[in-house]
Amino acid sequence: MLDKIEEAGSDKRTFYEMLGGEPKATEVIRDLVETFYDIMDTDSKVASLRAMHPKDLTGAREKLFMFLTGWTGGPQLYMERYGHPRLRARHLPFNIDESARDQWMYCMIQAMHRLEFEEDLMIKLGTQLHGVADFMRNQEPVG
Ligand code: HEM
């Protein structure tokens, strides 16, 4: 019976918990963000996404790490430092179309593969992040 209760409750785990909780999840999110930007920085398939970013990715790495820590259900590092993310507004200066969104997701999926994320987690996290990435779009598809 207890098992059943725990099992039912387990559906409500946050991504932060699924990633190992404190302190493991922090390390995993750090690795994920580092790998994500390393891919963005080197894979020619995402050259146009890379070109939108500053030459030095240090700030972007730090901010995405802080944001994702809170977004997954961990400490609200980004909010504490910068206030509400207003993510869509902050992305308005960049022309984000389907291609930019897909390049962003490509980097994220590749990073999760490289870090050998469990398939179930990869699908769940990938689906949620795709929703956020799609929400960032500010350019209508052409045609
Ligand atoms: C859909 C395609 C996306 C593109 C093309 C894009 C592009 C960018 C660019 C060019 C910056 C500025 C980097 C800098 O100045 O160092 C940025 C910042 C940021 N992005 Fe994205 N992004 C995308 C999706 C996302 C998603 C899905 C998330 C979150 C899950 C995200 C989170 C952030 C955060 C937290 C920042 C820092 C904001 C700040 O300045 O405080 N982005 N993004």
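**Cavity and pocket**

Analyst: The lining of the largest cavity has 8 nonpolar, 1 polar and no charged residues. Ala, Val, Leu, Ile, Met, Phe, Trp, Tyr, Cys and Pro count as nonpolar, Asp, Glu, Lys and Arg as charged, and the others, Gly among them, as polar. The model is predicted: local features need pLDDT of at least 70, side-chain atom pairs pLDDT 80 or more, while totals for chains, interfaces and linings use all residues. Numbering runs from 1 along each chain as its sequence is written, and side-chain values use heavy atoms, without hydrogens and water.

User: How much space lies in the largest cavity?

Analyst: On a 1 Å grid over the protein atoms alone, a cavity is a set of points where a 1.4 Å probe fits but cannot get out; a pocket is an open set with protein on both sides within 12 Å along at least five of seven lines; lining residues have an atom within 4 Å of a point. The structure holds 1 cavity of 30 Å³ or more. Its volume, the space filled by probe spheres set on the points, is about 50 Å³.

User: Which element gives the most to the lining of the largest pocket?

Analyst: The largest pocket is lined by 26 residues. Helices are DSSP runs (H or I, at least four residues), numbered from the N terminus. With 6 residues, the top contributor is α5.

User: Which protein residue is the single donor to the iron atom of the ligand?

Analyst: Donors are N, O and S atoms within 2.8 Å of the metal (3.2 Å for Na, K and Ca). The donor here is NE2, 2.0 Å away, and the residue is His-91.

Methods
Helices (H or I, at least four residues) and strands (E, at least two) are DSSP runs, numbered from the N terminus.
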